[in-house]
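Q: I have a model open and I'd like to learn how to read its features one by one. Can we walk through it together?

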Amino acid sequence: MHTKAFIAAAVGLGLLTLSACGSSGSGGDSKTVTLVSHDSWAVSKSVLKDFEKRSGYTVKVLKDGDAGQAVNKAILTKDNPQGDVFFGVDNTLLSRALDNGLFQSYDAKGAALVKPEYRVDQAKHRVTPIDTGDICVNYDKAYFSKHKLTPPTSFADLVKPEYKNLLVTENAATSSPGLGFLLGSAARYEDGGGWQAYWKKLKANGVKVVDGWEQAYDQEFSGSAGGKKAGGDRPLVVSYASSPPAEVIYADPKPTTAPTGVSYGTCFRQTEYAGLLSNAKNTKGGKAFLDFLLTKEFQQDMPLNMFVYPVIQGAQVPQEFEQYGRQAPDPETMAPAKIAADRDQWVKSWTSLVLK
């Protein structure tokens, strides 16, 4: 979900991230499976090679930017898709993909192992749940210690005077975590249009909005390794509950504790899906790849590559996730139908309210 800033380090650890440019799909080569994804796709080289050896397919990966950008491009090219499988549409954008006919039906092998809370579209099986994570405000521990200030623990805290000019978030119209944070606030202040009043207060309290996660986390946020190098001066950022473990894992030398923390009262649960693209040229290979994404081998490989949690029963998470971070105990959630009904109008209202 948010590995882009950590990819260089991952390559050094023997992880594989494949990317390609251009608009060519899988063509007529039945032995090539083309995956279209957002920029944060990553998998261990050995795990991917195991799939290719067992299946006889070669995997090609096309990366198309942030999740929102990738979904929009996939919709525009659905009649002549770039590939066979799309990975990375999440619950904030799922209805847009389904309403535009992006996917064809396929009930992936292993789907019965997916935990019930992550299952959607059960009648048509157009998408397969792959991973989950929590969009949350992260804080710079050193800043709050230095200033003898208690980090915020809730949405309500963020509008208090002591946190003025401290928060940076992503644009809800262009960024998946930015949209998730908006939906989290809408879920928290749903009654009576309360989220608009909340964002008016947040704007008055100096929230900074940037285009995407990489800029927010790796440039503006004072607590990240990248933010420190870039001179970031915002000690609060909208990121993920799994960001603190990433800061430890990719640090050299590794600290004994994570330099960043999570405000668990600001979290929104995000789930990502994959699907067989409509008009895919290699449907057989695409189905085999979707089956692979639900194997325990891949599900247990995801956390240290994409810093997300598996969705199938019985899959284990790394010790680092338990030691340096955890899933939000009570995140905000929203039914897909609710997101579908209100998302576009909320984003339009948010843009008018916050960016103008």
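Predicted model: local features only at pLDDT ≥ 70, side-chain atom pairs only at ≥ 80, totals over all residues.

Q: Then where does C267 fall, buried or exposed?
A: C267 has 1% relative accessibility, so it counts as buried. C136 sits at 0%, so it is buried too.

Q: Which residues form a disulfide here?
A: The general idea is that a disulfide is a covalent bond between the sulfur atoms of two cysteines. In this model the count is 1 disulfide, and the pair is C136 and C267, with sulfur atoms 2.1 Å apart. C136 belongs to strand β7 and C267 to strand β11 (residues 260-277), so the bond ties together parts that are 131 residues apart in sequence.

Q: What is the handedness of the disulfide between C136 and C267?
A: Look at the torsion about the S-S bond: for C136 and C267 the value is about 115 degrees, so this disulfide is right-handed.

Q: Which strands pair with β10?
A: One is β7 (residues 128-140), which runs antiparallel to β10 and is joined to it by 5 bridges. In that pairing I135 stands opposite Y240. Another is β8 (residues 167-170), which pairs with β10 in the parallel sense over 2 bridges. There, L167 faces L236.

Q: What does T260 touch?
A: T260 lies in strand β11, and its relative accessibility is 1%, so it counts as buried. Leaving out residues up to four places away in sequence, T260 is in contact with Y139, K141, F221, G223, P244 and E247.

Q: Where does helix α15 bend?
A: The bend in α15 is about 50 degrees, at D342. The helix spans residues 336-354. D342 has a relative accessible area of 19%, and since the buried cut-off is under 20%, D342 is classed as buried. Its C-alpha atom is 9.8 Å from that of L183, a residue 159 places away along the chain.

Q: What do the buried residues of α15 pack against?
A: The buried set includes I339, W346 and W350. The buried residues of α15 pack against α4 (94-99), β8, α6 (176-188), α7 (194-204) and β9 (208-210).

Q: How many cavities of 30 Å³ or more are there?
A: Rolling a probe the size of a water molecule over the atoms shows where empty space is left. Here the count is 1 cavity of 30 Å³ or more. The largest cavity has a volume of about 30 Å³, and its lining is V36, A74, T77, P81, Q82, G83 and L277.

Q: Which peptide bond is cis?
A: Check omega: the bond from D252 to P253 is cis, with omega near 5 degrees. P253 is in the loop between α10 (243-249) and β11.

Q: And what about backbone phi at K148 and N165?
A: Neither is a glycine, yet phi is positive at both: about 50 degrees for K148 and about 65 degrees for N165. K148 is in the loop between α5 (141-146) and β8, and N165 lies in the loop between α5 and β8 as well. K148 is exposed at 75% relative accessibility, while N165 is partly exposed at 39%.

Technical notes
Residues numbered from 1 in each chain as written. Heavy atoms only, no water. Pairing = 2+ DSSP bridges. Helix = DSSP H or I, 4+ residues; strand = E, 2+ residues; numbered from the N terminus. Disulfide = S-S within 2.5 Å. Buried < 20%, exposed > 50% of the residue type's maximum accessible area, 1.4 Å probe, protein only. Contact = heavy atoms within 4.5 Å. Bend = angle between axes of the 7 residues up to and from the residue. 1 Å grid on protein atoms, 1.4 Å probe; cavity = no way out; pocket = protein on both sides within 12 Å on 5 of 7 lines; lining within 4 Å. Points joined across faces, edges and corners; volume = space filled by probe spheres on them.
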